[in-house]
Structure formats: structure tokens, C-alpha cells
Amino acid sequence: MSRYWLEDLKIFLPELMAAGEAGNACSKVIEDALTKSGEAVKNNGVIILGTVKGDIHDIGKNIVGVVLGCNNYDIIDLGVMVPSDKILSTAVDKGADIIG
């Protein structure tokens, strides 16, 4: 057995979920600090993010949202388990440039 449990594919769901929640909390702190800086930034476009109905995984979506948000995109995060018609209607209503 290796010293890294991930290499042996012994991943435990509670620990994985806790890691995702910790990552989300860190992202929120970073976003708040950037917002408080008060610098005017150029908006590069509007991006709708969400995971489609049937998928509860959001770690990757959240990482993408933070990275794009830090690069001056307006992120509209619809969350998880979002029906496709809601994603499309929000994109039309908000004039989204990208759906992810």
C-alpha cells in the first residue's frame, strides 16, 4: 500500500465532500477580497454556469467560476441540478456570451 490513499483509489465520500466545501469557502473569501478592492474592471462578458439536472458535482464548476470571475467575466452561477430549460432561459434573459 502506498503512503497516499488517493493513489490506491481509497477515496471516502465524506472527506471528498468536506474538501469541496473547504475549497468553496476559500473561493468566497478570495472573491470578497477582490470585490472590496474597489478597482473598476472591464467586463469581458457574461457566463452562465450550472450543473444540469441529475448531476450534483460542482467542484469543477466552482473552480472555473472563480478563475473566470478573476478574469473580469460576469459569472451567473445557477448551482447544481439545474433543468436545461432554466439554463437556456437564463442565458437568453441575461444575454450570456457563454454557457458552461
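Reader: Where does threonine 51 lie?

Author: Threonine 51 sits in the loop between β1 (45-49) and α2 (59-70). Helices here are DSSP runs of H or I with at least four residues, strands are runs of E with at least two, and both are numbered from the N terminus. This is a predicted model, in which local features need pLDDT of at least 70, side-chain atom pairs count only at pLDDT 80 or more, and totals for chains, interfaces and linings use all residues. Residues are numbered from 1 along each chain as its sequence is written, and side-chain values use heavy atoms, with hydrogens and water left out.

Reader: Is threonine 51 buried or exposed?

Author: Threonine 51 counts as buried because its relative accessibility is 8%. Buried means under 20% relative accessible area, exposed means over 50%, and partly exposed is in between (1.4 Å probe, protein chains only).

Reader: Which residues is threonine 51 in contact with, leaving aside neighbours within four places in sequence?

Author: His57, Asp58, Lys61, Gly79, Val80, Met81 and Val82. Contact means heavy atoms within 4.5 Å.

Reader: And what lies 3.0 Å from a polar atom of the threonine 51 side chain?

Author: The backbone oxygen of aspartate 55.

Reader: Switching to the whole chain. How many helices and strands are there?

Author: The protein has 3 helices and 3 strands. Their order from the N terminus is α-β-α-β-α-β.

Reader: What share of the residues is buried?

Author: 19% of the 100 residues. The accessible surface is about 7300 Å², and carbon and sulfur atoms hold 62% of that. Those areas come from the Shrake-Rupley method with a 1.4 Å probe, and for residues only the protein chains shown count as cover.

Reader: Which residues form the nonpolar patch on the surface?

Author: Leu16, Ile59, Ile63 and Val67, with about 340 Å² of accessible area together. Patches take residues with over 30% relative accessible area and no salt bridge, joining like charges within 9 Å and nonpolar side chains (Val, Leu, Ile, Met, Phe, Trp, Tyr) within 5 Å. A salt bridge is a side-chain nitrogen of Lys or Arg within 4 Å of a carboxyl oxygen of Asp or Glu.

Reader: Which element gives the most to the patch?

Author: α2, with 3 residues. Leucine 16 lies in helix α1, and is partly exposed at 42% relative accessible area.

Reader: Where is methionine 17 found?

Author: In helix α1 (residues 13-36). Methionine 17 is partly exposed, at 46%. Between methionine 17 and isoleucine 59 the C-alpha to C-alpha distance is 9.2 Å, with 42 residues separating them in sequence.

Methods. A polar contact is a pair of N or O atoms within 3.5 Å; within protein, one must be able to donate a hydrogen and the other to accept it, and residues adjacent in sequence count only if both atoms are side-chain atoms.
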